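Let's go through the side-chain contacts of this model together, one question at a time. Have the viewer open and follow along.

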Amino acid sequence: MSERIEIEQAPKLAGSVSAPPQQPLRWRIHLGQKISSAIVWLVVAFNLVLVALVLLSSFKTTTEVFQSPLRLPAVWRFGNWADAWSGSGFGRAALNTVVLVVLTSIAIVLISAPAAYALARSGARGSRSMTTFFVLGMGIPPQVIVIPLFLELASLHLVNSLTGLGLVYLGSSLPFTVYLLTGFFRSLPDELEEAAMLDGAGAVRTFLKVMLPLARSGLVTALMLNAVGLWNEVLMAIVFIQSDSKFTLSLALMALLSRIQYSGADYGLLFAGISIMILPMLLLFLWLRRQVIEGMTLGMGR
Amino acid sequence: MVNDIDVARRREPDALGAGQVAHRQSGRGGLAAARKRIFLPFIAPAFVLYVAFLVAPTVVAMWLSLYNWNGLTTRQWLGLRNYTVLFQDAVFLASLRNTVIILVVVGVAVFLFSFVLTTMMRGMRGRSFARSALFFPFMLSPIVLSIIWGIFFQHNGIVNGIFRQIGLSSVEWLAGPGLFRIVLLGVAWISVGLYITIILAGVDQIPRHYYDEAEIAGANALQRFWHVTLPLTWDVISVAAILWTINTLKLFDFIFAFGGSMNTLPPPSIWNSALFVYGETFGGQVPPYRFGYASASAIVMLAVFAVFVVILRRLMRREAVEL
């Protein structure tokens, strides 16, 4: 009897909380759900504790880092941060990275957006095969192109230059960005675009004034994902940059790691450097996490 | 407002006068023509940069792979000799094997773990927060995660600390063949958040009543997963599988940081494709600069992965399920 009622109610249940446990089966499911939530929260806690430990360790001595990882530092050593910032070159590296990543990510999106719009909506002959041509680039890993790029940039005198590194980033980020934005532009309704054009707006004006604002969430997502990827990039940076003064944060961290091998392990300093590198990403994530996650998964789904 | 009127007008062509129809048609034709006119100028900048910094280098890499060259002395034509030597090079074969192990073994583990966790997270309270916390490591530098991973498993590290506290003897995790296992575990750890997020987005598209009906039919969690979740998220999963393949091929930084310093490479037993190319060219205390040889290895890896992607697409292709 109760089963029949459940069948009748089932469609109405859509989107609501599950019915209260009445039968052993229900009860078992309920218990199972409790256990599985506990497991999920355990994994979540692992990630959160990890970040907390990293930030906390940046104020400690090496002994404290290992002997009492979970305790607060006896004395808060803000000096670790100062040492990492000025003594280990993280200050300059942070500045280099911010300028490089911000300018490059903006350039990537500015160049990809019109291309993605034209590919998604122009209906011109060849736009399908052109889209495939761009998408194929996503499968080319850095190790294939790094040697020719090195030779190419050497002939342009752009090795050991942040401009050169920026160009490398620009080229290798275009396929993914074009792919992501093509998905966004394709999902926009036709009507507004047609209406704008019938009102006498030119194609360029229609793109700038109507379509670009509509795709804003896609543009922000593309900007974010590129910024995160470039902020953490290593292989190209380590090949193309040699002077300390041009180091990015990845390189400054690797250099600090090298130095620690010789001068004795100062893990407080190491964690201060790590914190300088991850804190901006942490703040960016807290600020835009919905945007990042949803934009990313939307882009994948299309 | 004007837009609304325009839309309404276009939906009722009978109500328009002849002149207006003509105007409308020229407007339509103008629209299509205008869209086509912008095609080239809109695409040109992206196209030029893409070709200059990605496509051309790929072609040059194929050409370089036929030579012996260190970038300074004269190039020496080898034909396919680099390729035949590669397949007798124990270090290359190890890095090829490692890359494939990461692709297949870690791939299966990551997707299984993601499935289990997403299934567990369905209808959980505080799910959005949990999703964020699980995704978060994706934003962090793999070097940082690698350093933390090393600290976990080093001789006096956290894992051994826990082992000693519960009365077990400490284990040399990072010595010998154990090191690669720790690397595999670490790669799984840094990757899983992204795939949980993607698969979860697919699961969220499934209407709730499918699960209710399955539950009423007496399906257990595994059956619900098999008959509801898996078929209805198949498209998302196949995109995620391609993404995993691409990301595996690109993996460099997490393994590189296991060398422990800027100029020290990790032991060749844990190299993958990207480490091999770097190790044969710019990496190490005395960089070997074997541009031709390293290019050949990169091309082989690219070919292996291209074949893998084609097979994957074949295997995963099927009719789309309408929700």
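A salt bridge here is a side-chain nitrogen of Lys or Arg within 4 Å of a carboxyl oxygen of Asp or Glu. This is a predicted model, in which local features need pLDDT of at least 70 and side-chain atom pairs count only at pLDDT 80 or more, while totals for chains, interfaces and linings use all residues; side-chain values use heavy atoms, with hydrogens and water left out. Residues are numbered from 1 along each chain as its sequence is written, and chains are lettered from A and ligands numbered from 1 in the order in which they are written.

Q: Which side chain meets B:Glu280 in a salt bridge?
A: Look for an N to O distance of 2.9 Å at B:Glu280. B:Glu280 lies in helix α13 of chain B and its partner in the loop between α13 and α14 (291-316), so the pair ties together parts that are 10 residues apart in sequence (helices, H or I, of at least four residues and strands, E, of at least two are DSSP runs, numbered from the N terminus). The partner is B:Arg290.

Q: Is B:Glu280 buried or exposed?
A: Buried means under 20% relative accessible area, exposed over 50%, and partly exposed in between, with a 1.4 Å probe and protein chains only. B:Arg290 has 38% and is partly exposed. B:Glu280 has 10% relative accessibility, so this residue counts as buried.

Q: How many salt bridges are there over all chains?
A: Side chains of opposite charge can pair when their charged atoms come close. Applying the 4 Å rule to nitrogen and carboxyl oxygen, the count over all chains comes to six.

Q: Which residues are linked with A:Arg121 in a network of salt bridges?
A: A:Arg121 meets A:Asp190 at 2.6 Å, N to O. A:Arg121 lies in helix α5 (residues 90-121) and A:Asp190 in helix α9 (residues 190-198) of chain A, so this pair ties together parts that are 69 residues apart in sequence. The residues linked with A:Arg121 are A:Asp190 and A:Glu193.

Q: What is the relative accessibility of A:Glu193?
A: A:Arg121 counts as buried at 7%, whereas A:Asp190 counts as partly exposed at 39%. A:Glu193 counts as buried, and its relative accessibility is 0%.

Q: What kind of aromatic pair do A:Phe185 and A:Phe207 form?
A: Rings of Phe, Tyr and Trp (its six-membered ring) pair if their centres lie within 6.5 Å; planes under 30 degrees apart count as stacked, over 60 as edge-to-face and the rest as tilted. The structure holds 44 such pairs over all chains. With 6.2 Å centre to centre and 45° between the planes, the pair of A:Phe185 and A:Phe207 is tilted.

Q: How many residues apart in sequence are the parts that this pair ties together?
A: Both A:Phe185 and A:Phe207 are buried. A:Phe185 lies in helix α8 (residues 162-186) and A:Phe207 in helix α10 (residues 203-214) of chain A, so the parts tied together are apart in sequence by 22 residues.

Q: What kind of aromatic pair do B:Phe252 and B:Tyr278 form?
A: Both B:Phe252 and B:Tyr278 are buried. Their ring centres are 5.5 Å apart, and with 80° between the planes the pair is edge-to-face.
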